[in-house]
Every structure is written in structure tokens, then in C-alpha cells.
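Subject: Structure for you to look at

Hello,

I am passing on the structure we talked about. Please open it alongside the notes that follow, which cover pockets and packing.

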Amino acid sequence: MPPVSTRLPAFPWDRLEPYKAAAAAHRDGIVDLSVGTPVDPVPPAVRRALAEAADSPGYPAVWGTGQLREAVLGWLERRTGARGLGHEHVLPVVGSKELVASLPGQLGLGAGDRVAFPALAYPTYEVGARLAGAEPVTYEDPLAVAPAGLRLLWLNSPANPTGQVLGADTLRRVVAWAREHGVLVVSDECYLELGWEADPVSVLHPDVCGGSAEGIVAVHSLSKRSNLAGYRAAFLAGDAAVLAELRLLRKHGGMMMPAPVQAAMAAALGDDAHVAEQRERYAKRREALRRSLTAQGFRIEHSEASLYLWATRDEPCWDTVGDLSKRGILVAPGEFYGAAGERFVRVAFTATDERIDEAVRRLA
């Protein structure tokens, strides 16, 4: 077997280390806007549920508890408009990033199979294809991908890094095309509840899928909407036959979400109030950074949803990264997400209010 170093691209974040060191040397400390990791507290009700389930000595079920599955189904109906789904249509997973990286392999894809994903995208889509030995294929338009050998088509709306949202009409056409060609659509919807200038739509909405989950799977995470990145709490929803195969494989592999995390996840999905509070925090931080960046000559493109501003000064992204690092501000170069991002930077607004205020002061 060839070593990982030859099967995968270089880990992009290693290239950012010198700029991180430069930003950290600022006399008032670093303002790290390069990653979308939550910094706000885990909601109290979620922490209580975790603690109350701490005495869980037995092995948890791969499929999750009935309580968790009911919570997932209730959330799907409330927040995505999905109808007619049952327990066989959902599956908890240990974090969405690990799922994205392993899904092509779990689906049995390999040499001769093709996996398509957006030209500007989260790097893990490519990693997953390469780990399985499949061919990674990028697209500007999902409907323009050649169907020959295509087994898996990734969608990402709201998108990371751009924050772009695909409308219901576009999603409907993609789902119809994929069904016609026997291609599985997997839609990464982890930022679905974080729309600012658009209302994100799930592929599971009846207007998109026609009330059937055939040939589609949606990926959801509680990392962003509930500050649960440290809990590794995510789930899949969609085609029952696909999820049954994944469930069987995951049983063989012992891929189980810890029981206390399942309880915490059920509590989080049953409570919409904390999501509204977190959205309000992010909205204020987003607006403060957006005003400051545009005042300094940046142009913001897309960014209608998610936790990022996709910004450019029409210069090479590493020049922007270098300039901001001298001010103690660290951002992610757009090149990390594909060649089309080489003149953009991704600016996360997941830092604390104090750090966001400090970034605004330094930009001014």
C-alpha cells in the first residue's frame, strides 16, 4: 500500500503556521479568524443531558437510541420541511468531517469510480475520494459533470468557504439529473441554520426531492448551531437503503457515538431557543467584521450564509494573509479551497466578542 503522503495532498494548514506565528507576536495577541471552531459555551440543557447520561457502562447502539432518532426526525420536520421520514431514514455519525473523509470508502467506491464536488470546496471531499482510491472530480456546475463512472456527487449549501446558497430550483434539477443517471447525491448542509441574506433549503424538502428520499442523503452537524464541535455530534438523513448499508458496515467497524453524546445531541435537537441566541451572537460579529473589511477596501462575495466572509482585495491571497498577520489577524487563504480561491481569503466570525472588537480596531 502506498504511504498516505503519496495518496493525499499536502495538509494545507501547515503552510499557515509562519503567518500564525507572526500574528501571535502582536503585542495584544492574535485574533484567529482562520478556523470556524465555536468559542461560545455549550448550552446548559445540553451539558445537563450529557452529565445525566454519564453512567453508561454498556456499548451504545450504532443506530443510536430511539430518543435520539425521534429528536432527529422532529428537527428534520421542523427545520427542513422533510415529510414521511422514519427511523430507517436517519443515522448518527461521529462528527461530519470524519464521515466526509470516509464516506466514499464506506460506500465501497474505488478505482474506476468518480466522486464530484465543487471547485471551491472544503478539502475533505477530495481527501475522501483519494482515500478510497476513487477519482476526484471538481465542478463549477453540478449538471455539467460527465455521468460516466460518477458514483457520488457532493453538494454543499450553504457552502464552505464561500457561504453561497443553492436555491430550491437548482437543487431540484440536480436531484432529478442524479436520479436519472443513478448517481448518489450527498448534500453537506452543516450550516443550514445559519442563513443571513438567504434562506437555505435542504435536499430533503419536498419541493426539491418530491417527497422521496430515494438517491439522496443529507449531512447535518451540531458543531456550529449548538457549539458542539467537541462532542463530535452529527447525523445522516435520507435514502433508507443507503443508510442500511452504512449502518451494517458501521456495526462491523464498531463506529458508535458515545451514549452520553447521544443524550446531549437529543437535547440539543429538541431546543431551538439556544440556536436563536447563538445566531444573534454570530449576526453581530458578522456585521462588525463586514463593515470593517469593506471600509478597508475589501469586496465580500456570496457569504449569504455560513460562518465566514469570502473577501478579496483583488490581490494574491497570500499577500492578504501576510498583511493581516502583521496586524495580528489570521485568516485562511482562499487557495486552500481550490485554485479559484487564489485571490480571496476566508474570514471566520467565530471568535469571541472581545476578539472581534479587537480585529475591528486593528482594521481601522
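The largest pocket in this predicted model has a volume of about 1000 Å³. It is lined by 41 residues, and those closest to its centre are Trp-13, Lys-97, Tyr-122, Pro-123 and Thr-124. Helix 6 provides the largest share, with four residues. Sorted by class, the lining of the largest pocket holds 23 nonpolar, 10 polar and eight charged residues.

The second largest pocket has a volume of about 380 Å³. Its lining consists of 20 residues, and Pro-118, Leu-120, Tyr-139, Glu-140 and Gln-164 are nearest the centre. Here the classes are 12 nonpolar, six polar and two charged.

On packing: in soluble globular proteins, nonpolar side chains tend to be buried together. The largest nonpolar core in this model has 61 residues, and the members that touch the most others are Leu-33, Trp-154 and Leu-236. Another core, of 45 residues, lies apart from that one and includes Ala-82, Val-137, Val-145 and Leu-269.

Beyond its neighbours within four places in sequence, Leu-236 contacts His-89, Val-90, Leu-91, Val-93 and Leu-99, along with Val-217, Ala-218, Val-219, Leu-243 and Leu-246.

Regards

How values were computed
Residues numbered from 1 in each chain as written. Predicted model: local features only at pLDDT ≥ 70, side-chain atom pairs only at ≥ 80, totals over all residues. Heavy atoms only, no water. Core = buried A, V, L, I, M, F, W, Y, C linked by side-chain atoms within 4.5 Å. Buried < 20%, exposed > 50% of the residue type's maximum accessible area, 1.4 Å probe, protein only. Contact = heavy atoms within 4.5 Å. 1 Å grid on protein atoms, 1.4 Å probe; cavity = no way out; pocket = protein on both sides within 12 Å on 5 of 7 lines; lining within 4 Å. Points joined across faces, edges and corners; volume = space filled by probe spheres on them. Helix = DSSP H or I, 4+ residues; strand = E, 2+ residues; numbered from the N terminus. Nonpolar A, V, L, I, M, F, W, Y, C, P; charged D, E, K, R; others polar.
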